[in-house]
Amino acid sequence: MEDQTLQSAAEAPAEETAAGCPCRHKHREAPEYDALIRRLNRIEGQVRGVRGMVEKEAYCTDILTQVSAIQSALNAFSRELLSSHIHTCVVQDIQNGHLEVVDDLLVTIQKLMK
């Protein structure tokens, strides 16, 4: 992992991708990065397990139970990432006078609550 300094969206200039969309980046310290990757690996394994259940013609409610577990794991991942975002990016932007980050946060929370 590259050693970069923590930058907020307001401090880091938006970069244009090949598709032409502005992209923001956030450096994550090793403990946060590792925790998020561990969660995603676990979720990925759960999804592969459900695929295997479908391929083996498992009973519907058994598959649905596993899907529910995946949804719970994704929700936990989202809560962890949102908490980190608020404690780092949002706080830093507010301290730098970029109050529009609050509107961005509200939009993000509304999307998560759908």
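Predicted model: local features only at pLDDT ≥ 70, side-chain atom pairs only at ≥ 80, totals over all residues.
## Overall fold

The protein chain holds 3 helices and 2 strands. Read from the N terminus, the order is β-β-α-α-α. The chain has 114 residues, and 22% of them count as buried.

## Packing of H1 and H2

The axes of H1 and H2 come within 10 Å. They cross at roughly 165 degrees. Angles over 145 degrees count as roughly antiparallel, so H1 and H2 are roughly antiparallel to each other. Their crossing is left-handed.

The residues in the contact of H1 with H2 comprise 17 nonpolar, 3 polar and 4 charged.

## The largest nonpolar core

The largest nonpolar core has 8 residues. Its members are Leu-36, Ile-43, Val-50, Met-53, Ile-63, Ile-70, Ala-73 and Phe-77. Two elements give two or more residues to this core: helix H1 (30-55) and helix H2 (60-95). In soluble globular proteins, nonpolar side chains tend to be buried together.

## Contacts of Met-53

Met-53 belongs to the largest nonpolar core. Leaving aside residues up to four places away in sequence, Met-53 touches Ala-58, Asp-62, Ile-63 and Gln-66. One of these partners, Ile-63, is also a member of the core.

Note on methods
Residues numbered from 1 in each chain as written. Heavy atoms only, no water. Core = buried A, V, L, I, M, F, W, Y, C linked by side-chain atoms within 4.5 Å. Buried < 20%, exposed > 50% of the residue type's maximum accessible area, 1.4 Å probe, protein only. Helix = DSSP H or I, 4+ residues; strand = E, 2+ residues; numbered from the N terminus. Contact = heavy atoms within 4.5 Å. Axes fitted to C-alpha atoms, helices over the stretch in contact; angles between N-to-C directions. Parallel < 35°, antiparallel > 145°, perpendicular 65-115°, else oblique. Left-handed = near helix turned anticlockwise from the far one by under 90°. Nonpolar A, V, L, I, M, F, W, Y, C, P; charged D, E, K, R; others polar.
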